[in-house]
Amino acid sequence: MIYDIRHITSYRYETPVASAAFALRLLPRVFLGQRVVRSRLSITPRPADETSSTDFFGNSVTFARIEARHSELVLEANSRVIVERDEPVAAGLTPAWEAIRDAAHGATSFCSAGPAHHLYPSRLVRLHDPATAYAARSFSPKRPMLEAACELMGRIRRDFAYDAAATAVETTVAEAFERRRGVCQDFAHVMIAGLRGLGLPASYVSGYIRTTPPKGSQRLEGADASHAWVGVWCGAEFGWVGLDPTNDMSVGDDHVVLAVGRDYADVSPTAGVFIGSGAHALQVSVDVRPASE
Amino acid sequence: MSLKSPAQKEKDRRDGNTSAWTKGYAPLPGASDELLAEGGTRPAWRRFLADLSQTRPDEINRSFAAADRRIRDMGISYRVHGELKERTWPLERLPLLIEQKEWRAIAAGVEQRARLMEAILADIYGPGDLVAGGALPASAIAGSRDFIHAMKGARPPGERWLRFYALDLGRGPDGRWWALGDRTQAPSGAGYALENRLIVSGAFPRQRSSLNVARLAPFFRDFRAGLSAAAERADPRMSLLTPGPYSDTYFEQAYLARYLGFLLVEGDDLVVRDRIAYVRTIAGLKRADVIWRRVDADWCDPLELNAASRIGVPGLMQAVRAGNVVMANMPGAGVLESLSLLGFAPALCQRLLGEDLKLPNIATWWCGQKAEREAVLDKLDQLVIAPAFGEALPGSTDGRGVLGADLTAHKRAELANAIRQRGIDYVGQEVVQLSTTPVWRDGRIEPRPFVLRVFAAATEDGWRVMPGGFCRVSDSPDARAFTMRQGVTSADVWVVGDQPVEMSTLLPADNAVRVVRQLGNLPSRAADNLFWLGRYLERAEATCLIARCLIARALELDGWSTGQQAAVELLQQQLMAWGAATFRANARPAAVANEALSSPELLGSALSIASAARRNASIIRERLSQDSVRLLRDLEEQLRAPADAALNETDAAERAQGALRLLAAMAGLMAENFNRVAGWSFFEMGRRVERSINVCRFARQFAFDGATGENLDVLLDLIDSQITYRSRYVVGPALVAVRDMALLDPQNPRSLAFQLARLDEHLAGLPALAADGMPEAPRRISLRLAAEAAAGEAERLDTAAVLDLEQRVSRLAEAISARYFLESAGARDTQPSGLA
């Protein structure tokens, strides 16, 4: 599947901002089963200094610094991505979760794709005993890793309500877990906390999902949003498998990966610092369109 | 019959005296001791006590008392996080003594370990052979918050990740020194060690020289030279990056910056442009070549690391990765403080250096490995269980370990379960019995357990170890190492030699010095704080003057004229306008004056202002003399009213008078002792701006159009110009004459014209941003104001004209702030982002 993706973020400031510095993760990364044909980020006003690189986890990151006084900032990312993922892994064939745990703890790979970096509590995902206990119910002794993880994903989908008003970017795992509601970020964080609490590696994946329009109606421009899901490590043979607890589905050709990290803080699309005071309004629009349409 | 030489007899006499000291001194069972070994008193202590026993007891007491005074006077204080007040540094009077022979072994061990740490860091952040080769599990590193992902693959300047290293040591019951933990992030304590040395050697000058105690200064000189040599530029600008005055060890940081001649900077003082770091100074951005960081790596850059950090520098990581700034230590070096790695040290030392560890490790097993985990679970009740990465253990709030044996059966089972599930988070450690050293308690010596921190610095010729250290002494007789808490005292550490030591200080050889009259450029933050220190002191003085004036008027209660009544009311109103007094109907003037001087609640009281001045001074204490810091403390004490004080006019008058004297002393000290580089200008400008505004305000209040003689008399009091006026005019106060004296007289150091002329001079002397010779914004205002005041005529002044002048001085203050200070500090915010 070929996608054209447009992701526009705009900030409007009540009082002008004197200067700003950003680390932007708005361009899709290279990933297994995913190629980036072209991508471009345009920033208005024009930055005094802009550099692009790849971070530790392999995400593309752009550092930009704006020195001009401005009242509006627009970040527009355009990219074309080809997604051709392999057939889903047969869950029953994956090793027992205890074996996965032991393999992860003794890993001799320190690269970002190895399991070691995704075992520990991270900035936004602290271990939370109730979340661990919740996850543990799906991890009976010797159960195949992916089978247990898929069940956990399904339970989160059933037990948690999707509610954009319930949580914010900085909501903790404990809060989201107590409320049993939230958005994709919260579902992913809760699932990651549960897995890590059991000693299992889990990563946070940000990206997009293609929304299928209702029959007979035109898809709405910009109606799509950025999305997030979980990477589950199934051992050296099977590697990382994407599970989307918001939709209770394995990650397939409808998902486009933007960035991967330990939690949202590692992949935040627009981390930054600005000098100025006063309130601001934020608007985000995402458009994921199959290129053939 | 034995024949003894007179010298031998003399020695016996001395030894006999030392036994008086050691009588009743009983080391703890099972622990070794620094004073007593199997063969009796250890030689270093024998020498020390022999020397001491020749000293008369009252002389010793005087020495101790002098040391106590010194601790207080030098402003040695430290802050426990969250406390506004500083506390006195708890220092043991007796030093820890280590003989040179023993020290050589310690120093060799620390030097080796520093090399080992550097080699591990270079591999972790570089090729990664240790993990790939199975020598180090990936998850033993990845769990550390101080494994900084953004540094993977970076090449540090001079190929050094580590430039300042410390090792905590304890002596075990077998008499050997054991490595308890590595300090690779930003070790603290070296500055305290310096301070401790100054104080303790001040108390025992004779002993220090007769015991040939090794000096600390050369170590710091070499550390500084090593940092300097690593920089790109020949004459690098060196800074110490502090988390700020609320940091636990801020005092130490300020002291070290001052001692080493580094700029003390906070995150806001630095800025990164195009991957180059700069210091914001009053002369614009100046390249920051070397940064000694005391900010933990995770807080260094909100852009790439912890976005919540307000003490970092956005973009700093980019500058570090580009090699454009020498940072000690490199971000990420702190990963080696993880206890998970401790157990691997012996094998890694063999593998990387081909050597055996010279100082043995405290035995530590990381539970992320199966065999080690099983071993720890087997003897859970004999071991200390500690967090592998400094996170709190379940059911605990700090990062400390617990002794398995101390837990209830239920808690122990819970811990065992947690270790089975996530063994990667835990280590088991053997219990170490620390040795004890004598401390002085109630006129006698007693044994107390201690740990010793030894420092090493990277120089061009390899590692150099500081001959001494930072010794922390526990006040509890429990000698198990893991129980050492924060509430401990410290002791000076003497490395005792047989040969006299060479004298050396930070003074370099003559030919190595290029004469410079200005030490770098003044950071904007320091300028800001000096400016406000000046303003606060001036405001405190004005408040005291009003209070004194009010009391004097109130004492003449009999026969108050209506004019006097009105003047008293005006004075009270002025205090209220400054937030120095609250409104109360029919309040006695003395009560109002008391409140204005000493109210701890009112933010405008002289006491509150003096406290604000002292806080300001503590932020820039590396630039102030100890005398001035002490004066500020005295001022605060002077203004504090005793809790049970009846509101008595005489007391209040005396308090005001005493405070004014201290303020005058402070002004004199600043004028005579503060170096006339840019910093002094900012202090002076703060004072001049505040005095300008106040004199305008007083003139409007008391020399308004149609003011009475009583009003004008008050004004002369407030501007301290009674004597001058009477010497100049035989008649009583007249409006035009008083206005001239208060506002236009260029000879009167209290007049507006005098202040404006000084302000203009200071601004003229400050560095310019552009080389076009055009006056900058503040100077444009001051030029005009000074000229107007110089050419002004008192006859043409009225209240409206004075108000206009006052407002323009306020604008001048704003212009100074916008041009020279950190305009943006505090207004910084982190950009939130949107996500569905």
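Strand β16 of chain B, residues 384-387, is joined to strand β18 of chain B, residues 426-429, by 4 bridges. The two run antiparallel. One pair to look at: B:Val384 stands opposite B:Gln429 in β18(B). Strands here are DSSP runs of E, at least two residues, and helices are runs of H or I, at least four residues, both numbered from the N terminus.

Before I go on, the ground rules. This is a predicted model, where local features need pLDDT of at least 70, side-chain atom pairs count only at pLDDT 80 or more, and totals for chains, interfaces and linings use all residues. Residues are numbered from 1 along each chain as its sequence is written, with chains lettered from A and ligands numbered from 1 in the order in which they are written.

Back to the sheet. It is open, with 4 strands in the order β15-β18-β16-β17 of chain B, and the pairing is antiparallel. Pairing needs at least two DSSP bridges between two strands. Which strands sit at the edges? β15 (364-366) and β17 (402-403) of chain B, each pairing on one side only.

Next, helices, still in chain B. Helix α7 (190-203) and helix α10 (250-260) have axes that come within 8 Å and cross at roughly 75°. Axes are lines fitted to C-alpha atoms, for helices over the stretch in contact, and angles run from 0 to 180 degrees between N-to-C directions. So α7(B) and α10(B) are roughly perpendicular, a label for 65 to 115 degrees. From α7(B), B:Gly191, B:Tyr192, B:Leu194 and B:Glu195 meet B:Glu252, B:Tyr255, B:Leu256 and B:Tyr259 in α10(B). Contact means C-beta atoms, placed from the backbone, within 7 Å. The residues split into 5 nonpolar, 1 polar and 2 charged. Nonpolar is Ala, Val, Leu, Ile, Met, Phe, Trp, Tyr, Cys and Pro; charged is Asp, Glu, Lys and Arg; the others, Gly among them, are polar.

Over to chain A. Helices α2 (129-136) and α5 (184-197) of chain A also come within 8 Å, axis to axis, crossing at roughly 80°. The contact of α2(A) with α5(A) has 6 nonpolar, 3 polar and no charged residues.

Last, domains. Chain A divides into domain 1 (2-83 + 269-290) and domain 2 (91-264), with bounds from an automatic or database domain assignment. Their C-alpha centres lie 25 Å apart. Domain 1 of chain A puts 20 residues into the contact, domain 2 of chain A 15. On the domain 1 side, β15(A) gives the most, with 5 residues. By class, that side has 12 nonpolar, 5 polar and 3 charged residues.

Notes: Parallel < 35°, antiparallel > 145°, perpendicular 65-115°, else oblique. Contact = placed C-beta atoms within 7 Å.
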